[in-house]
Structure formats: structure tokens, C-alpha cells
Amino acid sequence: MEGLRRSLYYIFLSVDLFILLVSYVTADLISKMRLPDSLNIKLIHFTLPEIFTFLILLILWYFFSKITTLYDEIKNYNFISELLSLLKNIFFQLAAGVFLLFALKDKVLSRFFLMVFILILFLLTIISRIFFRIVRRNLTRKNKFLRRVIVVGSGESGTKYFESAGKGKLPGYTMIGVVKEKQNRSDGKKYLGRFKDLKRILTEKNVDEVIIALKGGEEVEIDEILNITGNFPVRVRVIPDFFKFISNKFQISFFNNIPVIDVRNDPLDELHWRIVKRSFDIIFSVFFIVFIFSWLGIIISIAVKISSKGPVFFKQDRWGRKNKKITLYKFRSMIKESRDLDKKGKFVQAKKGDARITKVGKFLRKTSLDELPQFFNVLKGDMSVVGPRPHAVPQNIESRDKIKNYTLRHLVKPGITGWAQVSGLRGETKSSKEMEKRVAYDMFYIENWSFWFDVRIIFLTVWRGLKGDPNAY
């Protein structure tokens, strides 16, 4: 499976880079042909700046493909998902072209060249994807390059693999059957026999791969299965039973040739992605503060000051990345005398119709405008534009021992907005189940982070702010 994934990756990347070259050369040829003195110039001739520009576009295509996950093996089988990633990549390529156009001041690129280049690139990449699917479908019908697989064992992961392959969700693979001690009704004709029958099954069936997925308590040793399969020209893969205890975003790495399993994938644990996210945070925050907060902040400050006695800004200690204490800033939306803890010392969340909230504060919380000073937290490095929302310290203390994986939210910097918030999980958490659901959304964000995911959340935040969130109070 890994070999097939790598093969598809290199095939698609190579084809797309070749298409990029063809698109660039063709666009350059067409651009020169439309010039009045085209007969007096060499059409197929590139200057050093033109070659340098092409190399930049080539490198950026590869970099953007990482952001859009264009060459993800799953999307290679889902045409709509792959098409969206392809369009994102082409859009980024267009943006890069526009930037180079202005930077080079038309010395290398022209608007006409850029238009033709993007059009040809779009058409050829779409045609290549359709062609690949037609070829793959024909090869599958003729059973060429189709790997025949059996699953040995009744482990949960093996059962899922068996069902996925049986439903055609793993193109390139066909499920011959399953070998285990006890037959289930769902196995049907796919049940091939017991462990003691494995040698006979491999002799009779034309098997390419054996997936070992033993369940705890099954009376058979992996060594015994490996000894049997070692006498047959088949590839063997093992799915350990302990995978049920870890996230489905785990990773396997090697430390001094020792395999190590990371329980969950955290893209922001990698330095280059943290640099990308931090760079975006700085650029976005500076832009927002200079062009929006510089005037809107003054208006809100005056409104807060006039509406009730007290300071314009509210600050409170929260937990940041790795539980580090940070001071969070907001526009004050409650009366000066309001308290976070009741007489019993329990944290009091803001509720609908809360008497502590001022009239101006109600509007600010409804539109999330009270959060705007947190862009200064972002510039300080305490927060990110997008991430799990930081909770008050008493709420953290109450929840960390009750809610599974609660403190894992602090693997990354907290955000001004987050995936849970734009998914309708803002406001008061009235029960443990609601908090568990919010944590689940935060963990999904952490394990599936991408630059494009952040952009999507920002757009959804703006949309919900304009539309009005019923849970914002």
C-alpha cells in the first residue's frame, strides 16, 4: 500500500511539473507570436530572467501542493475532492504569477501571458486527471495491476480494512477473503477457513498480499503465520491490535532504526509549518491592526467608555501553549463589578440574558468585536489567529480531570477563532458532553491543521460575525 502511494505521488507530481513546463513554453510562444515583430525574434528562446521565473513557479507549485494536499493518495480516488485541491493549487499559482508580474514590472511576464499560462495549465491538468481515471478503470476491469489480498485474524482494524476493500474504497486492491477461527454472518462467501488452513489457502488462491490483523486472545502466533507465508511469494503486512488505543492520525517514524509510533499526528509540531503559521499570523495581524483596528478600535473604545463606568479593556489570565500562562485582552463587555467566581468559588460562565453584560457589550459579544484586541496577543506570540479558544483558568482546572484529552488542546497556541466556534460550539457549555464535543472539534483541528484550513475558518468567522451567531452572548 505504501509502495503504491509513493508511486502515485511521483507519477502525479512528475506529470504536473511536465504540464507546468508545457504550459509555460506554450504561453510564451503565443505571447511572442502576437507581437508586431514576431517574425524577427526567436520564438523558442528563453532569457535567464524567464528561466528563473519558471523555476520559481515550479518550486511554488510543489510548495503549494503541500498546503492543498493535492497529492494525497485518498484524493487521487475522489475526483471532486481532487478537483477542488487542483483548483486551489492553480489559484495559488495565479496569485504567485500576479505577484511576479508586478515585481518584475512586465519585463518577463505580461497579463496576456499569465492568462494564457493559467488557462492551458488548468485544461491540461484536468485532462490528465480524466485520462488517468479512464486508464485505471480499464486496467481494473482487465484485472491488471490488481493486488489480491486476504486478511488473517479478526482484529478491528483488519475488519475495517476487509470492509473497505470489499466496497471498492481501496482501488487497486481486491479482497479474496478472510482467515480466522470463527466465522461471522457478515463474512459470507469471503470466509476462507481457519488458521490451520492458511497453507492450503495460499496454495489454492492466487494471493499477492497477506494482512495480519490478530485480535487479542486469538490462539496463534505471528511467527507461525510468517513461517507459513515465508514459503510463498506474497507480501505480508501487520496491523497491530493496539491501534484502537491511538488516534487515527498516528505516524510511524524511526529513531536509530527503531520504529516509533506517534499516538497522534500534530502538523504544527514540525518547525516549517510553525514558521508558515507564525508568518501568516504576523502579516494578517499587522494588516488588521493598521487598516481596521486603527479606526474601529477607537469607535469601540468610545462606545465602551460612554456605556458604563470602568476601563475600556478587560484582561484575564488564560492558559496558552503547553499550559503557559498568558494575559488575554478584550474590549470590556460586562459591568465593572462583575466577578468570574460565585460565592462557592465556582467559575460562572456568561449566559444568555446575563445581567453582567452591558448593552454595548451585548452587541460586541454578538459580533465577536470584543475579541479584536487579541490581535495584539497574536503579535506578542501568545496566540494565533486560528486555534482552540483559551478558557478561563478556573474552567481549565474544572475540566482537565473530567474531560478526556482536554489538556491536549494546549499542544498549540490558542486562537482568536477556532474550528469549534465556527461549527456552532460557542458560548456556554452547560454539560460535560458539550465540553467533550468542543474538545473533539479542537483535537480534529490540531490533527488536521493546514494553511487552507485556517483560511477556511477565518472566512467562516467573518460570515458568522455578519450573520450573527445565536450562541454568541
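Predicted model: local features only at pLDDT ≥ 70, side-chain atom pairs only at ≥ 80, totals over all residues.

Reader: Which residues of helix α9 are buried?

Author: Buried means under 20% relative accessible area, exposed over 50%, and partly exposed in between, with a 1.4 Å probe and protein chains only. In α9, which spans residues 359-367, Gly361, Leu364 and Arg365 are buried. They lie on the same side of α9, because they cover an arc of only 95° around the axis, the arc being that of the directions from the helix axis to the C-beta atoms. Lys359, Lys362 and Phe363, on the other side of α9, are exposed. Helices (H or I, at least four residues) and strands (E, at least two) are DSSP runs, numbered from the N terminus.

Reader: Against which elements do the buried residues of α9 pack?

Author: Contact means heavy atoms within 4.5 Å. The buried residues of α9 pack against α8 (271-307) and β9 (325-331).

Reader: What caps the N-terminal end of α9, and what follows the helix?

Author: A polar contact is a pair of N or O atoms within 3.5 Å; within protein, one must be able to donate a hydrogen and the other to accept it, and residues adjacent in sequence count only if both atoms are side-chain atoms. Thr358 provides the cap, with a side-chain oxygen 2.9 Å from the backbone nitrogen of Gly361. After α9 comes Ser368, with a positive phi near 65°.

Reader: How many bridges join β8 to β9?

Author: Strands of a sheet pair through backbone hydrogen bonds, either parallel or antiparallel. Two strands count as paired if DSSP finds at least two bridges between them. Here, seven bridges join β8 (residues 313-319) to β9, and the two run antiparallel. Arg318 has Ile326 in β9 as its bridge partner. The two strands form a hairpin with five residues between them, and Lys322 in the turn has a positive phi of about 60°.

Reader: In what order do the strands of the open sheet stand?

Author: The order of its five strands is β3-β2-β1-β4-β5, with parallel pairing. β3 (191-193) and β5 (235-238) stand at the edges with a single partner strand each, so one side of each is left without a neighbour in the sheet. β4 (residues 209-212) pairs with β5 over four bridges in the parallel sense, and Ile212 has Val238 in β5 as its bridge partner. Helix α7 (residues 222-229) packs on the sheet, touching β1 (147-152), β4 and β5, and its direction makes about 175° with that of β4. Axes are lines fitted to C-alpha atoms, for helices over the stretch in contact, and angles run from 0 to 180 degrees between N-to-C directions.

Reader: At roughly what angle do the axes of α2 and α3 cross?

Author: Two packed helices are described by the angle between their axes and the distance between the axes. The axes of α2 (residues 48-68) and α3 (residues 79-104) cross at roughly 145° and come within 9 Å. Residues making the contact include Leu57 and Trp61 of α2 and Phe92 and Ala96 of α3.

Notes: Residues numbered from 1 in each chain as written. Heavy atoms only, no water.
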